[in-house]
Amino acid sequence: MKLLIAEDEKDLNRILASKLRKEHYTVETCYDGETALESLSAGKYDGVILDIMLPGRSGFEVLSEMRKRGDQTPVLFLTALNDTNSIVQGLDLGASDYMVKPFVLSELMARVRVMMRNTAVVNENVCRCGDIVVNTNDRSVLRAGRKVELTAKEYTMLLYLMRNKNTVVTRQQIVTNVWDADSDIASNIVDVYIRFIRKKLNEGGHEDLIHAVRGVGYMLKDGREEA
């Protein structure tokens, strides 16, 4: 599993990275909030260990921006701020855990393991493509943190596209998986539903991630990924 450490104390950053690598995690590091956000935009992580008092942008700002983007990567705050207001703020922003410095390294490793176990369960139920997030637990859809209201059929069609992102699917495949193999549904009904979904997802000027493949069907493609 891949972790990002955002900690401006370089010695501590190095110690944490070394220990986590010995525990067989893949680790990347940075020392300020802006670089943390750039790293999170450029790559996919299974978890983040995040200081709050970072140069540039605070850990609170980093987590807030992550959630606005629809990034639900688990975050463990590791900070010297031990007042109740800071702890409550961090958890309310969506942190998975909050640990105060100074700390015992073995306890931190245990908390990371718990966070990673929870991540494995959550990832089975959450599909992501770019800034679109579909959660199958509550059937919610987010676009850049904004809730998108879809009908039952629109949701099922989007979920099928999400689970096959960066893959071209034919209209008939969509009909078979959204309705059923024996349904007497004209394939052009797919185009109608795609228009409905696009309109709702792209409200506010968002990039259209649903690409038409002429004569074949559609592909949901993250602009940052290669097909």
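Let us begin with Pro-102, which is found in the loop between strand E5 (97-100) and helix H5 (105-123). Helices (H or I, at least four residues) and strands (E, at least two) are DSSP runs, numbered from the N terminus. The bond that joins Lys-101 to Pro-102 is a cis peptide bond, with omega about -5 degrees.

Before I continue, please note that this is a predicted model, in which local features need pLDDT of at least 70 and side-chain atom pairs count only at pLDDT 80 or more, while totals for chains, interfaces and linings use all residues. Residues are numbered from 1 along each chain as its sequence is written, and side-chain values use heavy atoms, with hydrogens and water left out.

Now the chain as a whole. It contains eight helices and twelve strands, and its C-alpha atoms fill a box of roughly 65 × 35 × 30 Å along the principal axes. Of its 227 residues, 42% are buried; buried means under 20% relative accessible area, exposed over 50%, and partly exposed in between, with a 1.4 Å probe and protein chains only.

Where do the buried nonpolar residues gather? The largest nonpolar core has 27 residues, and Val-134, Leu-158 and Leu-201 are among those with the most contacts inside it. Such a core is a set of buried Ala, Val, Leu, Ile, Met, Phe, Trp, Tyr and Cys residues joined through side-chain atoms within 4.5 Å. Elements that each supply at least two residues of this core include helix H6 (152-163), helix H8 (188-201) and strand E12 (217-220). The largest share, seven residues, comes from H6. A second, separate core of 19 residues includes Cys-30, Leu-37, Met-66 and Val-75.

Next, two helix pairs. H6 and H8 pack at an angle of about 90 degrees, with their axes 10 Å apart. Axes are lines fitted to C-alpha atoms, for helices over the stretch in contact, and angles run from 0 to 180 degrees between N-to-C directions. H6 is therefore roughly perpendicular to H8. Angles of 65 to 115 degrees count as roughly perpendicular, under 35 as roughly parallel, over 145 as roughly antiparallel, and the rest as oblique. Among the residues that meet here are Met-157 and Leu-158 in H6 and Ile-197 and Leu-201 in H8.

The second pair is helix H2 (residues 33-42) and helix H3 (residues 59-68), whose axes come within 9 Å and cross at roughly 25 degrees. These two helices are therefore roughly parallel to each other. Their contact (heavy atoms within 4.5 Å) is made by Gly-33, Ala-36, Leu-37 and Leu-40 of H2 with Val-62, Glu-65 and Met-66 of H3.

Finally, I turn to individual residues. Which residues have a positive phi although they are not glycine? One of them is Arg-139, with a phi of about 60 degrees, placed in the loop between E7 and strand E8 (140-143). At 47% relative accessibility, Arg-139 is partly exposed. Another is Asn-166, with a phi of about 65 degrees, in the loop between H6 and strand E10 (169-170). Asn-166 counts as buried, at 16% relative accessibility.

The C-alpha atoms of Lys-221 and Thr-167 are separated by 7.9 Å, although the two residues are 54 residues apart along the chain.
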